[in-house]
Amino acid sequence: MRFGIDLGGTKIEILALDGSRERLRRRVATPRGGYDETIRAMRDLVLGAEQQLGCRGTVGVAIPGTISTLTGNVKNANSTNLIGHPLDKDLGSALDRGVRTANDANCFTLSEASDGAAASDDIVFGVIVGTGCGGGIAVGRRVLGGAHGIAGEWGHNPLPAPRPREIETAPRCYCGRIGCIESWISGTGLAADFRRRAGRDLPPNGIAAAAAGGDALAGAVMEDFYDRFARALASIVNVLDPDTIVIGGGLSNIDAIYSELPARVMQYAFTPETPSRIVRNLHGDSSGVRGAAWLWSEAEAAALK
Ligand SMILES: [Zn+2]
């Protein structure tokens, strides 16, 4: 059995995978008390699931951040009570076994590369375009974490080949830099671009719907969005040359992404051939728990008695 845990700011979810088959799924509210309570809540979820299923399992956790290879502690987390703690070691001690962790975008990518929209592919780039813009890389169904745990974090690269208006209006990102890809390729960035040009607010999916309905200004904003998205992906294609790019997050529901992006990426990438498939995710919001479970192989789970 393989257990995946998705540790979120408001909820902790556990999933039990037997092969690719879901055997159990459970959610609890994330404790408000702090780090120690969060570890206990995850331990109790695993022990409760094992009692119900009558077996032991491997444990992987999707965390909002990364374990630093330098310190062994959580960094880059938006859930601040995790920062500075060796979460994998502490949960491992509580459960008396090894625990693996990966960030949300890496779990998303691993899930889609394992038994999702890119299940037959060797090299997969996963993109989560929601409030922000994350990315992850899977090669041969394994997460490529990187020497410092930041592989795939393309959202904080600068937008490639910026146009004059993009330079003039480039917003400052929370990371401190100006003109990050995430400032444009995200729900927040899309809505901000529309607000700047229309002088009114629409949610990201509303802008896409207005464009599809013939609204000229919304159409122009979406055209620029696709063009920026394509420039940003072309730089990934030139470095990684993935078989497939899988899109997740709230903006993955915009149907036109899948028809608009391929030709545009081809225009910017260094290849005369169609470079990479660009597809919608299969597992949606379940990618965190599923990818966390896939951090261990079936053979490793079978060896755990
Ligand atoms: Zn940034």
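## Ground rules

Contact here means heavy atoms within 4.5 Å. What you have above is a predicted model, where local features need pLDDT of at least 70 and side-chain atom pairs count only at pLDDT 80 or more, while totals for chains, interfaces and linings use all residues. Residues are numbered from 1 along each chain as its sequence is written, and side-chain values use heavy atoms, with hydrogens and water left out.

## The overall picture

The protein chain has ten helices and twelve strands; these are DSSP runs numbered from the N terminus, helices being H or I with at least four residues and strands E with at least two. A compact globule of 305 residues would have a radius of gyration near 19 Å, and the chain's 20 Å agrees with that. (That radius is taken over C-alpha atoms, and the globule rule is 2.2 Å times the number of residues to the power 0.38.) Along the principal axes, the C-alpha atoms fill a box of roughly 60 × 40 × 40 Å.

Of the 305 residues, 51% are buried, where buried means under 20% relative accessible area, exposed over 50% and partly exposed in between, with a 1.4 Å probe and protein chains only. The accessible surface comes to about 13600 Å², and 52% of it belongs to carbon and sulfur atoms; areas come from the Shrake-Rupley method with a 1.4 Å probe, and for residues only the protein chains shown count as cover. Among contacts with a separation of 6 or more, 64% join residues 24 or more positions apart.

## Two nonpolar cores

A nonpolar core is a set of buried Ala, Val, Leu, Ile, Met, Phe, Trp, Tyr and Cys residues joined through side-chain atoms within 4.5 Å. The largest one has 38 residues, and Val127, Trp154, Phe229 and Leu233 touch the most other members. Two or more residues each come from strands E8 (123–129), E9 (133–139) and E11 (244–248), and from helices H5 (187–198), H6 (204–212), H7 (216–240) and H8 (256–268). H7 gives the most, with twelve residues.

## The zinc site

The zinc ion is coordinated by His156 (ND1), Cys173 (SG), Cys175 (SG) and Cys180 (SG), at 2.1 to 2.3 Å. Donors are N, O and S atoms within 2.8 Å of the metal (3.2 Å for Na, K and Ca), and since water is not among the atoms, sites may look incomplete. The four donor atoms subtend angles of 103 to 119 degrees, so the arrangement is tetrahedral; for four donors, that label needs all angles between 85 and 135 degrees.

In sequence, the donor residues follow the spacing H-x16-C-x1-C-x4-C. His156 is in the loop between strand E10 (142–143) and helix H4 (164–169), and Cys175 is in the loop between H4 and H5, so this pair ties together parts 19 residues apart in sequence. Cys175 is partly exposed, at 28% relative accessibility.

## Positive phi angles

Two aspartates have positive phi. Asp96, in the loop between helix H2 (87–95) and strand E7 (99–103), has a phi of about 55 degrees and is exposed at 65% relative accessibility. Asp241 has a phi near 45 degrees; its loop runs between H7 and E11, and its relative accessible area of 48% makes it partly exposed.

## Some individual residues

Gly250 sits in the loop between E11 and H8. Its C-alpha is 4.8 Å from that of Gly130, 120 residues away along the chain. Beyond four places in sequence, Gly250 contacts Val129, Gly130 and Asn205, yet Gly250 is still partly exposed at 37%.

Leu82, in the loop between strand E6 (74–75) and H2, is buried at 2% relative accessibility. Setting aside residues within four places, Leu82 contacts Leu7, Tyr35, Pro64, Val74 and Leu87. Asp243 is 161 residues from Leu82 in sequence and 35 Å away, C-alpha to C-alpha. Over in H8, Glu260 is partly exposed at 26% and touches Glu223 and Tyr226, not counting residues up to four places away.

Notes
Four donors count as tetrahedral if all angles lie between 85 and 135 degrees; four count as square planar and six as octahedral if opposite donors are over 155 degrees apart and all others between 65 and 115; anything else is irregular.
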